[in-house]
Amino acid sequence: MLISVIMPVYNTSSTLGNAVKSVLQQRYPDFELILINDGSSDNSPEICDLLEKTDKRIKVVHQKNKGLSAARNKGIEVASGEFIAFIDSDDRFDEEAFLNFYKASVQHKDMTLYVMNFDKVYGSISVPKKKNKNRIIFEPSELIELIFNSSGVAFYTWNKIYHHSLFQKIAFPEGKIFEDIVTTYRLAKKSSKTVITSEVGYHYVRSSNTIVSSSFSPEYYDILTETEQLYALLKIDFPELEHLGLQKLIESMISVGYKLSQAPENIDTETFKQRLQQDIRRYQEDIANDKKIPLYYKVGIKLLQGDSSFYKENYKATLKKRIIGNPSETEDKSL
């Protein structure tokens, strides 16, 4: 059974070799590794071409810079495997990852989605996530609830291996960051049998120079527009879970608000501050009426509507600690 492993590459020449090595050293050898060079300006393209010559399982595609989603979509387009996996070019798979997946696929021949546990790597220090429980899930609503509530499952693309059929009529949104959020939801909704393992299969290497961990930029507002779309979908598809969508939307508002409170005053920040206030007002009634939303989220929204410096201090003192304790994807990507 062939696994198509898709690795977008953009200016990561210093980490690319280790990421590729982690795939080539898999104990399960039946895979193809598709390197999508997304218009890199360093020597990543040359490294990709050299790597292609070293192993017949490596394929290289060069394209103009279009972003992570476009690179992933191109990889899906050229993939020939029954299952599809993703890896970022600064991360690593555990050498047992594909073998554990294969064992699960033999035991569960109708599996459409496989979710592995992962750890975070900070330099030489590895910090494991709280272990997932081994489980089989048939109901999409159960899986989606778990994606919201389990930090070992979450909205990430790279800790999952997908049956290729899940991507029929589903693609990553191009030109966006936080591209995983709605895409993962849609894929989970289609999965008829999901196998979740407690085994760590992916090593997520933390970096401090990414867009999502930096100060505010206009692109960062994507987290709010993506979670807004997620909330709208949940209200239609799984109304019993809509409070989770609303809570994630509030998390996004609070995170955007904090980054804006730290940003220097200019036309962009003023424009987005006004936009944020409009978005808060749009959902104010939903937030006030939903009794499942924790009080400190509602307090955070109230603070956002007041003095920005007072909000910034309260965020650092109280809100960040409380919301980071919530096991959702925002603990890594937005806070």
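This dialogue walks through a predicted model of a protein chain.

Reader: What should I know about the model before I start?

Author: The model is predicted, so local features need pLDDT of at least 70 and side-chain atom pairs count only at pLDDT 80 or more, while totals for chains, interfaces and linings use all residues. Residues are numbered from 1 along each chain as its sequence is written, and side-chain values use heavy atoms, with hydrogens and water left out.

Reader: How many helices and strands are there in the protein chain?

Author: Helices (H or I, at least four residues) and strands (E, at least two) are DSSP runs, numbered from the N terminus. The protein chain has 12 helices and 10 strands.

Reader: What share of the 335 residues is buried?

Author: Start with the cut-offs. Buried means under 20% relative accessible area, exposed means over 50%, and partly exposed lies in between (1.4 Å probe, protein chains only). Here 55% of the 335 residues are buried.

Reader: What do contacts tell me about the chain?

Author: A contact means heavy atoms within 4.5 Å. Take the contacts with a separation of 6 or more: 79% of them join residues 24 or more positions apart.

Reader: Is helix 6 mostly covered or mostly open?

Author: Helix 6 spans residues 180–190 and is mostly covered. Eight of its 11 residues are buried. Among them are Asp180, Ile181, Tyr185 and Leu187.

Reader: How do I read a salt bridge?

Author: Look for a side-chain nitrogen of Lys or Arg within 4 Å of a carboxyl oxygen of Asp or Glu. The structure holds 15 salt bridges. One of them joins Arg57 and Asp55, with the closest N and O atoms 3.0 Å apart. Arg57 is partly exposed at 21%, and Asp55 is buried at 15%.

Reader: Which residue does Lys189 pair with?

Author: Lys189 forms a salt bridge with Asp237, at 3.2 Å between the closest N and O atoms. Lys189 lies in helix 6 and Asp237 in helix 7 (residues 222–237), so the pair ties together parts that are 48 residues apart in sequence. Lys189 is partly exposed at 37%. Asp237 is partly exposed too, at 26%.

Reader: What does Lys235 meet?

Author: The Lys235 side chain meets Asp286 in a salt bridge (3.7 Å, N to O). Lys235 lies in helix 7 and Asp286 in helix 9 (residues 267–289), so this pair ties together parts 51 residues apart in sequence. Lys235 has 38% relative accessibility and counts as partly exposed. Asp286, at 27%, is partly exposed.

Reader: Which residues are linked in a network of salt bridges?

Author: Arg72, Asp88, Glu179 and Asp180 are linked in one. Asp180 is also among the buried residues of helix 6.

Reader: Last topic: how is a surface patch defined?

Author: Patches use residues with over 30% relative accessible area and no salt bridge; like charges are joined within 9 Å, and nonpolar side chains (Val, Leu, Ile, Met, Phe, Trp, Tyr) within 5 Å. Lys and Arg count as positive and Asp and Glu as negative; His and the chain ends are not counted. A charge is placed at NZ of Lys, CZ of Arg, CG of Asp or CD of Glu.

Reader: Which residues gather in the patch of negative charge?

Author: Glu139, Glu142, Glu145 and Glu240. Glu139 sits in the loop between strand 8 (135–137) and helix 5 (140–149). Its relative accessible area is 49%, so Glu139 is partly exposed.

Reader: Which residues form the nonpolar patch?

Author: Tyr122, Ile125 and Val127, with about 270 Å² of accessible area together. Ile125 belongs to strand 7 (residues 125–128), and counts as exposed at 53%.

Definitions and conventions:
Areas by Shrake-Rupley, 256 points an atom, 1.4 Å probe, with all protein chains shown as cover.
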